[in-house]
Amino acid sequence: MTKQYDVVILGGGVAGVSLAHSLRRQRKTVAVVENNLYGGTCPNRGCDPKKILLSGLEVTQLVDDMQGNGISGKVKVNWSDLMRHKRQYTNPISNATQNGLASDGIDTYHENAHFNKDGLLEAGNDLLSGDKYVIATGQRPSILDIPGKQFFKTSTDFLNLDEMPEDVTFVGGGYIGFELAGIAHAAGATVHLIHHNDRPLKQFDQQLVNQAVDHLTQLGIDFHMNTDVKAITQVGDQFVLSGDDFRLPTDMVFCTAGRVPNVDTIGLENIGVKADQHGVLVNEYLQTTNPNIFAMGDVVSTKRPKLTPVAGYEAGYLAKYFNGLTEKIQFKAIPTIVFGQPSLGQVGLPSSIATDDSRYMLITNDMTSWYSYHRLNEPLAKAKVVINRDSETVVGATVLSNHADYLINIFTMMIDQQMKISDFNKEILAYPTFASDVQYLI
């Protein structure tokens, strides 16, 4: 028997759940199909649990920075307690999310699903038909295709470790590798980070990335740049990573070499939906090559950062579109950040554009000696701000500090509102705070 709905959503993550609830407020019939954890990556095995574990890094680094400046005595991470703290938050999420959908009158299916040749969605023994379908299946960790790849662990494994090994290695210098490396180091592990070229975190300002790497090296993280891991072998209780003139034994190895879209098992070939290596192809209405099928979130092929707030924004757009909106989706400035000690945040135009285009001016500040950072004896605080000379507005910013997240959100709002610097400087902000420092950065 085929069950009919106004909208069938494949994927019960942040985007899918948000869209489902919005559509119910429009009195539409909705089904959500999820084959893993309801709530998706972010709250279960992504940004939320990662940030809880990062609290160990934040506390220990703050105490270390303040040694001899009013603080004495060391603290250390108790990994089992920190993991228990994390699980108290994450364990209830999937059931609570699914129950919340059901209580809103949304049918839920906990099944592997795919589109069949009749254009219906097969979810276990059920056939689901929708006037419209939305693909929101997200991404999963990528695994390098090398001999011994079965020994790789992923970020999902790391965020649920019962014990922290004495020696851990991360292969891939993207934001996931940097964040997990910082957590593992704070937890007392010897940490190695391997990257295939000399340009980790390639989407960020290279000068600030290099300064972050230098700082993390001083703290004790072992970086191997321009290194290709070509094989992993197990030797006793350890794993040996090898390449050209390279050999590294370690207790556990994590592949942090990016993520791949979940498109390979859902039958896109049966419904005329095209995808590439980056995900499902969509137009400016989030519509796929099949006019009745849409896609949103991390599964979409795009150059924009694939982040939870972006997925939620797209869900909000589709809810309006399905309710009669005819406008194309318009994205605001999207901030992205590598959380750590220090954190590295960026929004808007990159700092390099000021070198290539005379319309822009680059303002660079070393904030390390400023009051806000001196107060906490923070060892590294830098900022680069791109200004449009004609409009006298901020159009881009990059911040490297333990508190980059605060500042990057302020710059994001300035960019979105096209606020003139002179207008921002008229604001009266609480002092002394990181926000009140912004006027000295522009």
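The lining of the second largest pocket has 4 nonpolar, 5 polar and 5 charged residues. For this count, Ala, Val, Leu, Ile, Met, Phe, Trp, Tyr, Cys and Pro are nonpolar, Asp, Glu, Lys and Arg are charged, and the others, Gly among them, are polar. The model is predicted: local features need pLDDT of at least 70 and side-chain atom pairs count only at pLDDT 80 or more, while totals for chains, interfaces and linings use all residues. Residues are numbered from 1 along each chain as its sequence is written, and side-chain values use heavy atoms, with hydrogens and water left out.

**Domains**

- The chain is assigned domain 1 (2-141 + 260-322), domain 2 (149-257) and domain 3 (335-440), with bounds from an automatic or database domain assignment.
- Between the C-alpha centres of domain 1 and domain 2 there are 27 Å.
- Domain 1 and domain 2 bury about 1400 Å² between them, 62% of it on carbon and sulfur atoms; buried area is the accessible area (1.4 Å probe) that two parts lose on being put together, summed over both.

**The second largest pocket**

- A pocket is an open set of points on a 1 Å grid over the protein atoms alone, where a 1.4 Å probe fits, with protein on both sides within 12 Å along at least five of seven lines; lining residues have an atom within 4 Å of a point.
- This pocket has 14 lining residues, and Glu58, Gln341, Asn402, His403 and Tyr406 lie nearest its centre.
- Helix 3 (47-65) and helix 12 (404-416) are the elements that give two or more residues to the lining; helices (H or I, at least four residues) and strands (E, at least two) are DSSP runs, numbered from the N terminus.
- Helix 3 gives the largest share, 4 residues.
- Because domain 1 and domain 3 both give residues to the lining, the pocket lies between them.

**Salt bridges**

- The count is 12 salt bridges, each a side-chain nitrogen of Lys or Arg within 4 Å of a carboxyl oxygen of Asp or Glu.
- Arginine 87 and aspartate 162 form one of them, at 2.7 Å from N to O.
- Arginine 87 is in helix 4 (residues 79-90) and aspartate 162 is in the loop between helix 6 (155-158) and strand 8 (167-171), so the pair ties together parts 75 residues apart in sequence.
- Between domain 1 and domain 2 there are 2 salt bridges.

**Backbone**

- Most residues other than glycine have a negative phi, and most peptide bonds are trans.
- The bond from glutamine 341 to proline 342 is cis, with omega near 10°.
- Arginine 27 has a positive phi, near 65°.
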